[in-house]
Amino acid sequence: MTRRTPPRPVDVEQLFPEVAPLRRQAVRLHPRAGTPSREESSVGGPLLWPERDAWPLCPEHLGSPMVPIVQLRAVDAFGVVEFPPGRDLLQVLWCPRAHDGRWVVPEVRWRAAAAVGKVREAPPVLAGTPVGHVPTPCVVHPELITEYPSWDLPYPLWDALLPRFARVEAETGWDYQYHLSTAPGIKLGGYPGWCQDPQWPDCSGCRKPMDHLLTVASVEADGHSESPWTPLEDVGVRYEGAGLMLGDMGGVHLFECRTCPDRPVKDRFDS
Ligand SMILES: [Zn+2]
Ligand SMILES: [Zn+2]
């Protein structure tokens, strides 16, 4: 079943034309507990991983295998993130154990699905792994949406718009930051789903700000709440998602440099 985010309940670009040039597209994955195949896009599902490649181990926990977080086929990215030439599969894993100053340690791989050949099974998850750091296997329902900056709104613009944000909220009940700007949940591209002030990383190679690749958030829009981000199909519906709990309902944000060779990745965490 598809998942459709309803249109914003007010016309964002008409009310706040200043944010129109900052519009970005993102792909909400809408993970729902299920049994994805290793050929499909998934959250916490089996990865199309070649037997010839060793399974990634955490550099901080010797011998501790990483767990699958997201697998995304290029066709499910809707062009929001350009895949490297010849690659059509994005795979994100992380070490779910506790780390000094970090919740998880991620790993990003880009593959050509047709070149995988014989498949390697994922090793079992180690006993004692923190609850909420390993996603429940989910099928996904990728959906292309439009976002505007929330925490990433430049300060001068924020100051200029604040009176209008307040007026619109008083008149309609919709809060720009929570209801009109960035989508909750696990998403590709768009703006990071920050819970607090941005900590946008610079690339260690070229020193330029990196691009947002993926946000892995603890929660999707709540089908029971009045959130305008709840897909039409899920209004009033109780569903099981990935079951993640990163810090206090926080998120892991992955960034990459698309101009440096090998697309270096950095991660940020907040809650
Ligand atoms: Zn680790
Ligand atoms: Zn770079």
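Modeller: Start with a rule: two strands pair if DSSP finds at least two bridges between them. Strands themselves are DSSP runs of E, at least two residues long, and helices are runs of H or I, at least four; both are numbered from the N terminus. This is a predicted model, so local features need pLDDT of at least 70 and side-chain atom pairs count only at pLDDT 80 or more, while totals for chains, interfaces and linings use all residues. Residues are numbered from 1 along each chain as its sequence is written, and chains are lettered from A and ligands numbered from 1 in the order in which they are written.

Biologist: How many helices and strands does the protein have?

Modeller: There are three helices and twelve strands.

Biologist: Which residue is the bridge partner of Gln71 in strand 5?

Modeller: Gln91. Gln71 is also the bridge partner of Ser42, this time as the strand 4 member. Further along, Arg73 has Leu89 of strand 5 as its bridge partner.

Biologist: How many bridges join strand 4 and strand 5?

Modeller: Six, in the antiparallel sense. Strand 3 (residues 42-43) and strand 4 are antiparallel too, over two bridges. The general idea: strands of a sheet pair through backbone hydrogen bonds, either parallel or antiparallel.

Biologist: What is the order of the strands in that open sheet of six?

Modeller: Read it as 2-7-3-4-5-6, with antiparallel pairing. Strand 2 (32-33) and strand 6 (105-111) are the edges; each has a single partner strand, so one side of each lacks a neighbour in the sheet.

Biologist: Is strand 4 enclosed or open, and why?

Modeller: First, the cut-offs. A residue is buried if 20 or more other C-beta atoms lie within 10 Å of its own, exposed if 12 or fewer, and partly exposed in between; C-beta atoms are placed from the backbone. Six of the seven residues of strand 4 are buried, so the strand is largely enclosed by the rest of the structure.

Biologist: Which residues of the largest nonpolar core touch the most other members?

Modeller: In general, nonpolar side chains tend to be buried together in soluble globular proteins. A nonpolar core is a set of buried Ala, Val, Leu, Ile, Met, Phe, Trp, Tyr and Cys residues joined through C-beta atoms within 7 Å. Here the largest has 43 residues, and Val43, Ile69, Val70, Val92, Trp94, Leu214 and Val216 touch the most other members. Strands 1, 4, 5, 10 and 11 each give two or more residues. Strand 5 gives the largest share, six residues. Apart from this core lies another, of six residues, including Val12, Val19, Tyr176 and Leu180.

Biologist: Which residues is Val19 in contact with, leaving aside neighbours within four places in sequence?

Modeller: Contact means that two C-beta atoms, placed from the backbone, lie within 7 Å. Val19 is in contact with Val12, Tyr148 and Pro149. Its place is the loop between helix 1 (12-15) and strand 1. Val19 is buried, because it has 20 other C-beta atoms within 10 Å.

Biologist: Where is Tyr148 found?

Modeller: In the loop between strand 8 (143-147) and helix 2 (155-172). Tyr148 is buried, with 23 other C-beta atoms within 10 Å. Beyond four places in sequence, Tyr148 touches Val12, Val19, Leu22, Arg23, Leu180 and Ser181.

Biologist: What radius of gyration does the protein have?

Modeller: The radius is taken over C-alpha atoms, and the globule rule is 2.2 Å times the number of residues to the power 0.38. A compact globule of 271 residues would be near 18 Å; the protein has 19 Å, which agrees. Along the principal axes, the C-alpha atoms fill a box of roughly 60 × 45 × 35 Å.
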